[in-house]
Amino acid sequence: MLQVSEESREQVYTKLMSYHEIPAIVFCRGLEPDALFLTKALENGIPVFTSENTTSHFTAEAIRWLTYKLAPVIRIHGVLVDVYGEGVLITGNSGIGKSEAALELVKRGHRLVSDDAVEIRKISDNSLIGSAPDVTKHFIELRGIGIVDIKEMFGVSSVRDSHEINLVINLEEWDREREYDRIGLEEQYTEYLGNKIVSHNIPIRPGRNIAVIVESAAINYREKRMGYNAAKELYRRLQESMTHRDIED
């Protein structure tokens, strides 16, 4: 472009800057705009940036970032933990033990994403990303103790800034009169922003180790994604046992 006369460059720059609502102009591959271009951009109030990335790489990263930042978002009361690589959202009434379960999971080597408030963004029809509000990031509230900083207490490997939500664990008070699912042949779902997430309702009573239950739920979810369903395997074995019994009779 520097080989073109200044008059021609000015015409091209003027026409380019005449387009309405240009948010910014980015020069990739380390290219530098000339002085005339910068002057025209300044006159039209258009920011100019440079990047060492290739155009395709920069465009892909810009789209990814904009998709995240402009995605529909809601904030819910809950705890999000990375358990064996699965994003487990723990919900339930206040004081039921969500934060305590998260703390035990962190002690067992898993990673905290958010406690108390979880911001959920709909990245696509198949993906929800959860993160912590900046104010409460890496903090856990423990009743009777107060606020603890998980990152400072257990190190940087114990926290994550965000994670896809794969599974919902809803903690609820044990109800002796209620029938709970004991086999798990039928999946239950919780819906956020139009996306359905596999969920389990876990009854809570003294003596139950919630962290171990959450770990088991995460592993079981991964097994199902890999094609193995323990409930269906049990059902198959029962069917075979009944068939053999009928043949023997």
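A nonpolar core is taken here as a set of buried Ala, Val, Leu, Ile, Met, Phe, Trp, Tyr and Cys residues joined through side-chain atoms within 4.5 Å, where buried means under 20% relative accessible area, exposed over 50% and partly exposed in between (1.4 Å probe, protein chains only). The model is predicted, so local features need pLDDT of at least 70 and side-chain atom pairs count only at pLDDT 80 or more, while totals for chains, interfaces and linings use all residues. Residues are numbered from 1 along each chain as its sequence is written, and side-chain values use heavy atoms, with hydrogens and water left out.

The largest such core holds 29 residues, and Val 88, Leu 112, Ile 150, Ile 169, Leu 171 and Val 214 have the most contacts inside it. Helices (H or I, at least four residues) and strands (E, at least two) are DSSP runs, numbered from the N terminus. At least two residues of this core come from each of strand 4 (79-83), strand 5 (86-92), helix 4, strand 9 (139-142), strand 12 (167-173), strand 14 (195-204) and helix 6. Helix 6 gives the most, with 6 residues. As for Leu 112, contact (heavy atoms within 4.5 Å) links this residue to Val 79, Leu 80, Val 81, Ala 102, Val 106, His 138, Phe 139, Ile 140, Ile 150, Ser 158, Val 159 and Arg 160, leaving out residues up to four places away in sequence. A second, separate core has 11 residues, among them Val 118, Ile 120, Leu 128 and Val 168.

Now for the two helices. The axes of helix 4 (residues 98-107) and helix 6 (residues 210-225) come within 8 Å and cross at roughly 70°. Axes are lines fitted to C-alpha atoms, for helices over the stretch in contact, and angles run from 0 to 180 degrees between N-to-C directions. Under 35 degrees counts as roughly parallel, over 145 as roughly antiparallel, 65 to 115 as roughly perpendicular and the rest as oblique; helix 4 and helix 6 are therefore roughly perpendicular to each other. Ala 101, Glu 104 and Leu 105 of helix 4 meet Ile 210, Ala 211, Val 214 and Glu 215 of helix 6. Helix 4 is mostly covered, with 7 of its 10 residues buried; these include Ala 101, Ala 102, Leu 105 and Val 106, along with Lys 98. Just after helix 4, Gly 109 takes a positive phi of about 105°.

Val 113 sits in strand 6 (residues 111-114) and, at 0% relative accessibility, counts as buried. Its contacts beyond four places in sequence include Leu 80, Val 81, Asp 82, Arg 160 and His 163. Ser 199, in strand 14, counts as buried at 5% relative accessibility.

Most residues other than glycine have a negative phi. Asp 116 has a positive phi near 80° and lies in the loop between strand 6 and strand 7 (117-124), where Asp 116 is partly exposed at 33% relative accessibility. His 138 also has a positive phi, of about 75°, and belongs to the loop between strand 8 (127-131) and strand 9; at 12% relative accessibility, His 138 counts as buried.
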